[in-house]
Amino acid sequence: GRAVACAPGSAYNPLLIYARPGMGKTHLLGAIAHQVFAMNPAARIEFITLDEFVEGFHVALSTGQGDRFRSRFGDADLLLVDDIQFLSRQREMQAELLRVLDVMLARQKRVVLTTDRAPSEIESLDDRLLTRFAGGLVLDIAQPDYETRVAILQRKAEERSASFHDGVLEAVASLEIESVRELVGALNRLIASTTIST
């Protein structure tokens with residue numbers, strides 16, 4: 001993410017990040033956008049979900065502004081598209097995303113996309129999109145290991161000014177929790193229960 005934010009259009013373009021829900025994909029998109037903006041406050045950043053992309057496209061077509069819709073993304077310095085798994089079986093939207101990608105890649109503009117599964121597992125995804133993704137970098141965010149879960153819990157507890165006896169956060173980190181979102185939820189419940197009992 002840092003390499004993409006710091007090297008306009010050249011490093012890992014497009015970057016496609018996939019992981020199960022709750023693993024931090026959208027958070028990572030936000031961090032990339034924040035870094036690009038910090039380095040260049042004049043940067044044009046488009047951060048959009050696939051649903052918003054689809055809705056915007058249909059509105060643009062119905063009002064005769066398809067070209068304006070395309071230039072909105074083609075003129076951006078950074079395009080972030082969240083949840084592209086919803087492209088499944090949407091041939092028209094796949095073609096539109098392909099056009100936008102081709103324009104941005106030709107202009108050496110950065111593109112980062114997320115999905116909750118590997119691109120090859122998105123049903124009926126156009127082979128041309130698969131090759132564009134493969135031409136950049138496709139990354140899988142795995143479930144965090146025990147040490148990472150402890151570090152996440154410690155950081156979130158510090159942010160909330162919550163303190164616990166030794167071993168409490170380690171015990172939470174050892175639970176069979178599959179996503180970062182659920183891990184933070186477990187911490188929230190722990191903080192709430194200690195607040196109620198005091």
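How many of the 5 residues of E3 are buried? Keep that in mind while walking through this predicted model.

Start with the sheet. Select its 5 strands: they form an open sheet with parallel pairing, in the order E2-E3-E4-E1-E5. The edges are strand E2 (45-49) and strand E5 (137-140), each of which pairs on one side only. Ignoring direction, neighbouring strands of this sheet are turned by 15 degrees against each other on average.

Next, select residues 78-82, which are strand E3. Here the opening question is settled: 5 of the 5 residues of E3 are buried, so the strand is largely enclosed by the rest of the structure. Show the side chains: Leu78, Leu80 and Asp82 point one way from E3, while Leu79 and Val81 point the other way.

Then select helix H3 (residues 50-62), which lies across E2 and E3 and runs at about 100 degrees to E2.

Move on to helix H5 (residues 91-106), packed on the sheet, where it touches E3 and strand E4 (110-115). The direction of H5 makes about 145 degrees with that of E4.

Last, display E3 and E4 together. These two strands pair in the parallel sense over 4 bridges, and Leu80 has Val112 as its bridge partner in E4.

Methods. Residues numbered from 1 in each chain as written. Predicted model: local features only at pLDDT ≥ 70, side-chain atom pairs only at ≥ 80, totals over all residues. Heavy atoms only, no water. Pairing = 2+ DSSP bridges. Axes fitted to C-alpha atoms, helices over the stretch in contact; angles between N-to-C directions. Contact = heavy atoms within 4.5 Å. Buried < 20%, exposed > 50% of the residue type's maximum accessible area, 1.4 Å probe, protein only.
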